[in-house]
Amino acid sequence: MAAGLVLATGAFYWSASRALQESLPTAALRFDLLLVLIAIVVTGTAATLMGAWHFTSSAVRPVSEITAQATRIEAGTLDQRILAHADTEEYEGLVAVLNRMLERLELGFAAQRRLTANVSHELRTPLTAMRGSIEVALRSPRSQREYEQVLRGELEEIERLTVLSEDLLLITRADAHVVSANRVPTDLPRLVNACLDPMRGRFEERGLTVERNLQTAGPVFIDPALVQRVVNHLVDNATRFTPENGKIRVLLDPLPAAGVRLAVENTGPGIAAADLPHLFEPFYRADPARTRSQDSGSGLGLALVASIARLHGGEARVASSPGNTRFEVDFPEPPPPAP
């Protein structure tokens, strides 16, 4: 564009100099001026078009690079990131947003793969055991009592699988936002006491001291059935990991805004810092050496706690140090209905 303007200026200067130095007829002078004007228009237009083409090409080139790189990224290559030679803040911001989206997708796909593998393992193990028991029972004639024992054992396995399936289904639906909490005014201290009282035998068997500090300003709008599962999971988790003659504290405190916070603390060795960010993931166990057993649980309890907290608009947290572990679940007051 600059070159075209220089040429047009030179042509105009040439025409004006010739008109001043030579005595040209009016018609010739007009003809020269017309030629100069045409040259200026043609040269300026060409220069403008070339400059616009160069400018648009430079502006669109990063978009082409981003499109080409994004097209090559698939489910198995989500670890790749987009690298575009962009000098403007807008394109740099676009690339950063796309890379963050790819990072979230990569984490989501990895979580889904882990979940699928864990579900397969959790289902295959009891099904294999059930098949083995039934095959042994059918190898030779047995008494009615022996058959009943086999059936009772398999019924217990079926019940555990049913609970596992229901918990997993609730977690999946909660994360997909296809289920909501049925919130009604609830006496939360009474609900917590109703969960703790049946566990008194377990507490006494291990010599555990259970301290209750249940304070609420009145009825709390929660889903009582879901929150009861939260209390049961947290207290059961604390009971299993508190050493004998240890201490468990169950607390209810008002939130700074509206709502209530449920906290369950227990004494013990604590949880490793590397495990804390993963405790609410499905099937995650802080101790890989622990095998599937009735005492170890299904690995869905804390994930279910986190999902129920999100259904109520809150969150679940954990903090741990040597000698003390504390789980917190917030249940904020629901927003007022829209007019």
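What share of the contacts in the chain between residues at least 6 apart in sequence join residues at least 24 apart? In this predicted model the share is 68%, where contact means heavy atoms within 4.5 Å. Local features were taken at pLDDT of at least 70 and side-chain atom pairs only at pLDDT 80 or more, whereas totals for chains, interfaces and linings use all residues. Residues are numbered from 1 along each chain as its sequence is written, and side-chain values use heavy atoms, with hydrogens and water left out.

The chain comprises 8 helices and 7 strands, assigned as DSSP runs (H or I, at least four residues, for helices; E, at least two, for strands) and numbered from the N terminus. Of its 339 residues, 30% count as buried, a class defined by under 20% relative accessible area, with exposed over 50% and partly exposed in between (1.4 Å probe, protein chains only).

The structure holds 1 aromatic pair, for which ring centres must lie within 6.5 Å, with planes under 30 degrees apart counted as stacked, over 60 as edge-to-face and the rest as tilted. The centres of the Phe280 and Phe327 rings are 6.2 Å apart and their planes stand at 90 degrees, so the pair is edge-to-face. The pair links distant parts of the chain, 47 residues apart, with Phe280 in the loop between strand E5 (259–266) and helix H8 (301–311) and Phe327 in strand E7 (residues 324–332). Both partners are buried, Phe280 with a relative accessible area of 19% and Phe327 with one of 3%.

Technical notes
Rings of Phe, Tyr and Trp (its six-membered ring) pair if their centres lie within 6.5 Å; planes under 30 degrees apart count as stacked, over 60 as edge-to-face and the rest as tilted.
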